[in-house]
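Me: I've got a protein here and I'd like to get to know it piece by piece. Can we go through it with some quick questions?

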Amino acid sequence: ADQRRLDDVLGAAALIDVTHAQARVASTLADQARGAHAHQVRAIAAEWIQFEGWLLASTGAFDRAVPLLEEAERAAVELGEGTLVAQARNFRAYVARRRGDLPALTDLFTAAYRTPGAHPAQQAGDARQAAPGHALLGERDQARRLLHEAADLAERARDLPPPETAYWLTAEFSLLGLGLAHAGLEEYDVAADLLSQGLEGLPEDQRGADWTQEYRQALARARRA
């Protein structure tokens with residue numbers, strides 16, 4: 001958990017090599033695990049693999065990231081770990097968004113949203129992030145329907161702690177996904193307000209994180225529009 005937070009402070013590139021080594025060790029342990037704690041060991045290994053995939057995706061190494069995220073998703077599905085399955089799908093959808101692949105973005109965020117066992121905060125975030133894909137594909141009614149469903153889920157998540165595998169899913173972070181959704185609906189004033197509030201509300205150790213650049217760029221586009 002501490003190493004995941006280092007990504008926010010040091011940047012993804014600084015952690016890739018050490019995370020690769022740790023993910024391989026965790027995978028070896030998971031393959032050999034037996035007894036009462038085997039399930040937990042395998043879940044931790046799946047999370048390490050997913051984290052390595054995220055770091056690669058964050059630095060733009062998409063061709064290396066996607067197989068790892070798919071591997072992490074398969075492992076999480078086998079283990080019945082809904083929060084990990086949803087997060088792996090979310091990261092794959094992030095890659096699709098960075099690549100500008102709208103159909104894949106929409107399909108993957110929708111799959112993450114519908115993952116059995118996902119945390120309500122994950123579902124709310126994934127619904128919000130699927131919405132702009134629908135909007136940009138001309139499916140505006142579906143986009144608005146997803147935003148309404150996301151609002152209901154966010155209300156359910158309000159009194160729950162974020163899942164341990166996605167500590168960043170706070171109310172402030174949720175404004176960023178909502179801002180992207182409104183930008184996709186061409187509601188740029190609303191988008192700019194939400195993105196600005198979300199960025200300003202992030203914890204101090206997350207404000208300079210690599211992943212915030214996508215939202216800062218979206219804010220600049222919304223303001224220009």
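This is a predicted model: local features need pLDDT of at least 70, side-chain atom pairs count only at pLDDT 80 or more; totals for chains, interfaces and linings use all residues.

Me: Is Q87 buried or exposed?
Reply: Start with where it sits: Q87 is found in helix 5. To be called buried, a residue needs under 20% relative accessible area. Q87 has 3% relative accessibility, so it counts as buried.

Me: How many helices and strands are there in the protein?
Reply: Read along the sequence, the pattern is α-α-α-α-α-α-α-α-α-α-α. The count that goes with it is 11 helices and 0 strands.

Me: What radius of gyration does the protein have, and what would a compact globule have?
Reply: For scale, the C-alpha trace spans about 55 × 35 × 35 Å along its principal axes. A compact globule with 225 residues would have a radius of gyration near 17 Å. The protein's own value agrees with that, because it is 17 Å.

Me: Among contacts between residues at least 6 apart in sequence, what percentage join residues at least 24 apart?
Reply: Contact here takes heavy atoms within 4.5 Å. Take the contacts between residues at least 6 apart in sequence, then pick out those that join residues at least 24 apart: they make up 61%.

Me: Which elements do the buried residues of helix 1 pack against?
Reply: First, find those residues: in helix 1, Q3, R4, D7 and D8 are buried. The buried residues themselves pack against helix 2 (16-32) and helix 3.

Me: What is the volume of the largest pocket, and which residues are closest to its centre?
Reply: The largest pocket has a volume of about 680 Å³. It is lined by 36 residues, and the closest to its centre are W168, L169, T170, F173 and S174.

Me: Which helix gives the largest share of the lining of the largest pocket?
Reply: Several elements give two or more residues to this lining, including helix 1 (2-10), helix 3 (38-58), helix 5 (82-99) and helix 7 (120-136). By class, the lining has 18 nonpolar, 10 polar and 8 charged residues. The largest share is 7 residues, and it comes from helix 7.

Me: And which helix gives the most to the lining of the second largest pocket?
Reply: About 450 Å³ of space lies in the second largest pocket. Of its 23 lining residues, the closest to the centre are R97, L180, E214, A218 and R221. Two or more lining residues come from each of helix 5, helix 6 (102-113), helix 7, helix 9 and helix 11. The one that gives the most, with 6 residues, is helix 11.

Me: Is E186 buried or exposed?
Reply: E186 is found in the loop between helix 9 and helix 10 (188-201). Although E186 is not a glycine, it has a positive phi of about 65°. The cut-off for exposed is over 50%. At 55% relative accessibility, E186 therefore counts as exposed.

Me: How far apart in space are D101 and G133?
Reply: D101 lies in the loop between helix 5 and helix 6. At 36% relative accessibility, D101 counts as partly exposed. D101 and G133 are 32 residues apart in sequence, and their C-alpha to C-alpha distance is 9.2 Å.

Me: And how far apart in space are G80 and L195?
Reply: You'll find G80 in the loop between helix 4 (62-79) and helix 5. With 62% relative accessibility, G80 counts as exposed. G80 and L195 are 115 residues apart in sequence, and from C-alpha to C-alpha the distance is 34 Å.

Terms used. Residues are numbered from 1 along each chain as its sequence is written. Side-chain values use heavy atoms; hydrogens and water are left out. On a 1 Å grid over the protein atoms alone, a cavity is a set of points where a 1.4 Å probe fits but cannot get out, and a pocket is an open set with protein on both sides within 12 Å along at least five of seven lines; lining residues have an atom within 4 Å of a point. Grid points are joined across faces, edges and corners, and a volume is the space filled by probe spheres set on the points. Helices (H or I, at least four residues) and strands (E, at least two) are DSSP runs, numbered from the N terminus. Ala, Val, Leu, Ile, Met, Phe, Trp, Tyr, Cys and Pro count as nonpolar, Asp, Glu, Lys and Arg as charged, and the others, Gly among them, as polar. The radius of gyration is taken over C-alpha atoms; the globule rule is 2.2 Å times the number of residues to the power 0.38. Buried means under 20% relative accessible area, exposed over 50%, partly exposed in between (1.4 Å probe, protein chains only).
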